[in-house]
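Visitor: I would like to learn how to read a model like this one. Can we go through it feature by feature?

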Amino acid sequence: MQKKARTIVQTGPRALEPRDLPIPDIDDESGLLRIEACGICGSDVEQYTGTIPVRWPLIPGHEPLGIIEKIGDRAAKRWGVNVGDRVAVETLIPCGHCRACIEGRYQVCRGRGGMFGYAYVPLSQPPGLWGAYADTMYLDPFSIVHPIRKDIPASIAVMFNPLGAGFRWAVELPDTGPGDTVLILGPGQRGLASVIAARAAGADTIIVTGLARDAKKLALARQLGADHTIDVESEDVRRRVAELTGGRGADVVVEVSSYSTQPVAESLYLVATGGRIVLAGVKGFKEVPAFISDLIVVKEVTIRGAFGVTSQSYRSAIRLIESGKVALDSMHTHDFALGEAELAIQTLAGEGPGEASIHSCLLPERG
Ligand SMILES: [Zn+2]
Ligand SMILES: [Zn+2]
């Protein structure tokens, strides 16, 4: 009998079920990945609750790390990898032909109909194994894969994803470098990754804000390289940032808080004249009250939106992981078996029985 893939299928909002699905044959241009780890982030929570528009049923899991189990000759040549190699797989599968792809913004490619990438393609589209909540995943001919060393524990290697976001949002988009003061609004997984990336880019001063209940995450931010942290509930953020920057404000503000709109409006008061603001935390399409656009004008502020991560930033993340220079295990709090996917999501959302996770992943080999 043919071997089957163990998967977790989402059939609707808050509905996950285990299913064994057939493993497809591959052609010359595609491959199969044995999943070692699938990272869990805020997008998993949004997908679980049904906030992200997708067609069910499908296999979630957009942060795959694994070993190439099978690969077509042409794919092996194009991707520069072979059977047995460990690779980090990018979420988005670009079409390669649309205007966004050709102009180098493949992370917003919609050339294959809607958002096309791992975790977002329904089971009805052959061969169905489009997500990393599984022990086996299909590798489409247009996949982007990055080799990563095998001697690093899977739960750390899979951090290429949040760290890649940190490099794109806190370094690549705002062009952060030596001398810059970087203010990061929100100490979650992405905020902490932004601290690590800004530090690696040579930022001068790093400041992180959070709520009173984030005390542990703020302590971790300091451990990972933040110079100062601010509890927004007990401190006057504008005054503290002014004190810490000699009255100038921050050269770079990275907004990675989730759902709260206030930091977006506030960022205009915290940024320096001529400074850069990157907005990366989604707000459920809410309006932002008290947003004073004149501040953008009079301070000549640049505001950039960040959607997804680029290959350049993934590569920076992988180099940093392989360097072993940062104690990334301090950020990794939970490992889960594949069958515990629901628990993993609830633990990140702070709805689980124990303490909320910061970085966590599914390890399908654990069952
Ligand atoms: Zn993610
Ligand atoms: Zn495209």
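Guide: Gladly. This is a predicted model.

Visitor: How is a pair of aromatic rings described?

Guide: By two values: the distance of the centres and the angle of the planes.

Visitor: How many aromatic pairs are there here?

Guide: The count is 4. One of them joins tyrosine 118 and tryptophan 130, with 6.4 Å centre to centre and 35° between the planes, a tilted pair. Tyrosine 118 and tryptophan 130 each lie in the loop between α3 and β6, so their pair ties together parts 12 residues apart in sequence.

Visitor: Which aromatic pair ties together parts that are 154 residues apart in sequence?

Guide: That is phenylalanine 160 with tyrosine 314, tilted as well, at 5.7 Å between centres and 55° between planes. Phenylalanine 160 belongs to helix α5 (residues 160–172) and tyrosine 314 to helix α11 (residues 311–323), so the pair links parts that are 154 residues apart in sequence. Phenylalanine 160 and tyrosine 314 are buried.

Visitor: Which residues form one aromatic cluster?

Guide: Phe116, Tyr118, Trp130 and Tyr138.

Visitor: Which residues coordinate the zinc ion (ligand 1)?

Guide: Cys41 (SG), His62 (NE2) and Glu63 (OE) do, at 2.0 to 2.2 Å. Their spacing is C-x20-H-E. Cysteine 41 sits in the loop between β3 and α1 (42–49), and histidine 62 in the loop between α1 and β4 (64–71), so the pair ties together parts 21 residues apart in sequence. Both cysteine 41 and histidine 62 are buried. A caution on reading this site: water is not among the atoms, so sites may look incomplete.

Visitor: Let us turn to strands. Which strands pair with β15, and in what sense?

Guide: Strand β3 (residues 31–40) pairs with β15 in the antiparallel sense, over 3 bridges. Strand β14 (residues 332–336) runs parallel to β15, joined by 4 bridges. Take individual residues next. Leucine 362 in β15 stands opposite cysteine 38. Cysteine 361 in β15 is the bridge partner of aspartate 335.

Visitor: Which way do the side chains of β15 point?

Guide: In strand β15 (residues 359–362), His359 and Cys361 point one way, while Ser360 and Leu362 point the other way. All of these are buried.

Visitor: What unit do β14, helix α12 and β15 make?

Guide: A right-handed β-α-β unit, with helix α12 spanning residues 341–348.

Visitor: One last residue. Is aspartate 135 buried or exposed?

Guide: Buried, because its relative accessibility is 16%, again under the 20% cut-off. Aspartate 135 is in the loop between α3 (99–102) and β6 (136–139). Leaving aside residues up to four places away in sequence, aspartate 135 touches Ala5, Arg6, Leu33, Arg34, Ile35, Leu338 and Pro364.

Definitions and conventions
Residues are numbered from 1 along each chain as its sequence is written. Chains are lettered from A and ligands numbered from 1 in the order in which they are written. This is a predicted model: local features need pLDDT of at least 70, side-chain atom pairs count only at pLDDT 80 or more; totals for chains, interfaces and linings use all residues. Side-chain values use heavy atoms; hydrogens and water are left out. Helices (H or I, at least four residues) and strands (E, at least two) are DSSP runs, numbered from the N terminus. Buried means under 20% relative accessible area, exposed over 50%, partly exposed in between (1.4 Å probe, protein chains only). Contact means heavy atoms within 4.5 Å. Two strands pair if DSSP finds at least two bridges between them. A crossover is right-handed if, with the strands pointing away from the viewer, the path from the first strand over the helix to the second runs clockwise. Rings of Phe, Tyr and Trp (its six-membered ring) pair if their centres lie within 6.5 Å; planes under 30 degrees apart count as stacked, over 60 as edge-to-face and the rest as tilted. Donors are N, O and S atoms within 2.8 Å of the metal (3.2 Å for Na, K and Ca); water is not among the atoms, so sites may look incomplete.
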